[in-house]
Amino acid sequence: MTLGSSPNHAAEPNAVLNLYSARHYQTDEALYANFTKSTGIKINRIEADDNALLERLNSEGAKSPADVILLVDAARLWRAQVNGMFKPIQSKVLDQRIPANLRAKADADGTTWFGFSTRARIMVYNKDRIKPDDVNTYEKLADPINKGKVCTRSGSHPYMLSLVGALIERDGTAATEKWAKGMVANMARAPKGGDTDQIRAVASGECAVALTNSYYLARLMRSTKPEDIAALAKLGHIWPNQNAGGVHINISGGGVAKNAPNPQAAVKFLEYLASDAAQIYLADGNNEWPVVPGVKLDNPALKALGPYQVEKVSVAAIGRNQVAAQRILDQAGYR
Ligand code: FE
């Protein structure tokens with residue numbers, strides 16, 4: 001900054017924000033440009049997948065230039081919190097806009113991370129192989145009636161660990177241990193691949209039912225590729241636990257970095273992410289839902305998927321249950 005510049009300008013001319021983001025979608029450009037336009041704060045972006053970002057933050061340590069960290073899944077946000085990567089903040093705007101169960105209140109100092117969009121962990125099934133009533137809850141996936149039918153990704157992946165973290169909260173530890181053993185006994189194949197691979201294996205008939213995050217199905221529903229349209233014709237989908245605690249939801253979210261050189265800009269940016277316009281960008285870009293109540297999306301696939309009842313479990317509790325979830329899955333032999 002030049003000496004003698006007026007202290008009274010609303011936005012500092014050289015203000016910057018260093019954003020470490022595990023999210024990257026086509027709509028991001030407009031999202032960030034609008035922030036710079038309204039605040040004068042330039043955004044330097046470091047984009048990488050969650051693991052690479054966390055490694056980078058680890059190696060940079062206290063010298064990290066990161067101001068804001070955006071990650072995907074409560075499991076990873078919690079891990080980053082435990083590793084001391086977030087600085088707790090106070091923001092009336094964020095507290096008012098974001099539902100309490102979608103942010104992690106650390107202590108009296110404030111909140112460490114906030115959800116900015118939600119995704120649901122749903123099921124897809126092969127219409128030739130499954131009666132929907134046999135798989136309409138997470139608990140039924142582990143029932144002996146579904147022996148040899150179930151596919152999921154690895155039990156060490158955050159999406160599975162978070163689901164199990166939520167089940168511990170909902171059903172208790174003993175019931176979740178039993179569930180994990182039932183799941184392992186019901187598998188059509190050893191866990192492998194991502195959620196899209198599970199969907200394709202259900203369409204091909206190799207698996208009869210599988211767990212997937214909702215946006216992977218929404219993406220398939222919006223695809224115009226003939227092979228995707230053919231796959232979709234084989235599939236039904238389930239919103240699990242609609243009268244039994246609701247579907248498990250997770251978030252993408254973020255917080256202010258522990259040693260943020262520009263902490264005020266960082267809070268401003270998080271508040272911007274909770275604005276109506278940014279909520280629509282963030283959610284629609286990955287076929288997810290806004291966290292702020294009342295923000296409306298015009299997304300045909302999401303309209304076709306909803307409406308649905310969601311769990312009331314807090315993302316903070318899902319985070320706290322990560323260690324227990326991994327232990328339960330390991331003990332059950334869930335690879
Ligand atoms: Fe994903």
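Leaving out residues up to four places away in sequence, Ala257 touches Ala66, Asp67, Val68, Ile69, Met85 and Lys87, where contact means heavy atoms within 4.5 Å. The model is predicted, so local features need pLDDT of at least 70 and side-chain atom pairs count only at pLDDT 80 or more, whereas totals for chains, interfaces and linings use all residues. Residues are numbered from 1 along each chain as its sequence is written, and side-chain values use heavy atoms, with hydrogens and water left out.

Ala257 sits in the loop between strand E9 (248-256) and helix H11 (263-273). Helices (H or I, at least four residues) and strands (E, at least two) are DSSP runs, numbered from the N terminus. Ala257 has 4% relative accessibility and therefore counts as buried; buried means under 20% relative accessible area, exposed over 50%, and partly exposed in between, with a 1.4 Å probe and protein chains only. A separation of 9.4 Å lies between the C-alpha atoms of Ala257 and Leu19, which are 238 residues apart along the chain.

Asn146 is placed in the loop between helix H5 (138-141) and strand E6 (150-151). Its relative accessible area is 0%, so Asn146 is buried. Apart from neighbours within four places in sequence, Asn146 contacts Ile130, Asp134, Val135, Lys140, Leu141 and Asn186.

Tyr215 is buried at 2% relative accessibility, and Tyr216 is buried at 16%.

**Aromatic pairs**

The whole structure contains nine aromatic pairs. Rings of Phe, Tyr and Trp (its six-membered ring) pair if their centres lie within 6.5 Å; planes under 30 degrees apart count as stacked, over 60 as edge-to-face and the rest as tilted. Phe114 and Phe116 form a tilted pair, because their ring centres are 6.5 Å apart and their planes meet at 35 degrees. Phe114 is buried, with a relative accessible area of 1%, and Phe116 is buried at 2%.

Trp239 and Tyr308 are stacked, with 4.3 Å centre to centre and 10 degrees between the planes. This pair links distant parts of the chain, 69 residues apart: Trp239 is in the loop between strand E8 (235-238) and E9, and Tyr308 is in the loop between helix H13 (300-305) and helix H14 (315-320). Trp239 counts as buried at 11% relative accessibility, while Tyr308 is partly exposed at 25%. Elsewhere, ring pairs join Tyr32, Phe35, Phe269 and Tyr272 into a cluster.

**Salt bridges**

There are 15 salt bridges in the structure, a salt bridge being a side-chain nitrogen of Lys or Arg within 4 Å of a carboxyl oxygen of Asp or Glu. The table includes some of them.

| Asp50 | Arg76 | 3.4 Å |

Glu206 lies in the loop between helix H8 (195-204) and strand E7 (209-213) and Arg189 in the loop between helix H7 (173-186) and H8, so their bridge ties together parts 17 residues apart in sequence. Glu206 is partly exposed at 43% relative accessibility, whereas Arg189 is buried at 16%. Asp50 is buried at 9% and Arg76 at 13%. Arg103 is buried at 15%, and Asp95 is partly exposed at 31%. A network of salt bridges links Arg23, Arg119 and Glu288.
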